[in-house]
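Here is a briefing on one protein chain. Look over the sequence and the fold before reading on.

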Amino acid sequence: MGKKAFLDIKESILELKKLLSKQHTLKREKRLKSLLLIKTGKFETRQQVADGVSVHIRTLERWLRNYKEGGVDQMLSDKPKNKTSKIITAEIHNGLSQRVNDSHNPFLGYWDAQNWVKQQYGVDVKYHRIRQYLIQHFKTKLKTPRKSHYKKDDQAEKAFLKTP
């Protein structure tokens, strides 16, 4: 038999229902619904409560731990999980920043940045990781030139650019 679904919930059933009606996201609704199910005593075990709101038991336990630590406000808060990169250190970040903002010696592509990091710092970073990192931190994007028409006259282009 699983762990009993008992938790000392300070809010009344009416307060929980009011909060539930004000929620706009499914994630928050499920969190409040789990508290409501525990408060009303519809289910005996935490596994049954987790199945009742269609989440994994560990997710429910994390929600309940957050509730114990800080109440409903902490349980409903969605804190971003910004972890510092273990691969790209502050030193590599500064080097990338200088190279990205250098107009005389820019990266030719994300593959060039990948090779540069490997040569300069001896760290092998996967292509998609360096691409995602550069886009996220430096707002980079690939710039590809448009195709030139095969009948374009180069002399006419030079004459056009010379006229004021």
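In which loop is K139 found? K139 sits in the loop between α7 and α8 (154–162). The model is predicted: local features need pLDDT of at least 70, side-chain atom pairs count only at pLDDT 80 or more, and totals for chains, interfaces and linings use all residues. Residues are numbered from 1 along each chain as its sequence is written, and side-chain values use heavy atoms, with hydrogens and water left out.

**Overall layout**

- The protein chain has eight helices and zero strands. Helices (H or I, at least four residues) and strands (E, at least two) are DSSP runs, numbered from the N terminus.
- Its radius of gyration is 28 Å, well over the 15 Å that the globule rule gives for 164 residues, so the chain is more spread out than a compact globule. That radius is taken over C-alpha atoms, and the rule is 2.2 Å times the number of residues to the power 0.38.
- Along the principal axes, the C-alpha atoms of the protein chain fill a box of roughly 85 × 40 × 25 Å.
- Of the 164 residues in the protein chain, 30% are buried. Buried means under 20% relative accessible area, exposed over 50%, and partly exposed in between (1.4 Å probe, protein chains only).
- The accessible surface of the protein chain is about 12700 Å², with 51% belonging to carbon and sulfur atoms. Areas come from the Shrake-Rupley method with a 1.4 Å probe; for residues, only the protein chains shown count as cover.
- Take contacts in the protein chain between residues at least 6 apart in sequence: 55% of them join residues at least 24 apart. Contact means heavy atoms within 4.5 Å.

**Helix α4: kinked**

- The expected span is 1.5 Å times one less than the number of residues.
- A kink of about 135 degrees is centred on G70 in α4. The bend at a residue is the angle between axes fitted to the seven residues ending there and the seven starting there.
- Among the buried residues of α4 are W63, Y67, G71 and M75.
- Cover for the buried residues of α4 includes α1 (13–22), α2 (26–40) and α3 (46–52).

- The twelve residues of helix α7 (residues 127–138) should span 16 Å, and the end C-alpha atoms are 16 Å apart, which agrees.
- I130, Y133, L134 and F138 are the buried residues of α7. Seen down the axis of α7, they fall within an arc of 95 degrees, so they line one face of the helix. The arc is that of the directions from the helix axis to the C-beta atoms.
- These buried residues pack against α5 (90–100) and α6 (110–121).

**Loop residues**

- Most residues other than glycine have a negative phi.
- K139 has a positive phi of about 55 degrees although it is not a glycine.
- S54 lies in the loop between α3 and α4 and is exposed, with a relative accessible area of 56%.
- P106 is in the loop between α5 and α6. P106 is partly exposed, at 38% relative accessible area.
- Leaving aside neighbours within four places in sequence, P106 is in contact with R99 and D112.
- P106 and K139 are 33 residues apart in sequence and 14 Å apart in space, C-alpha to C-alpha.
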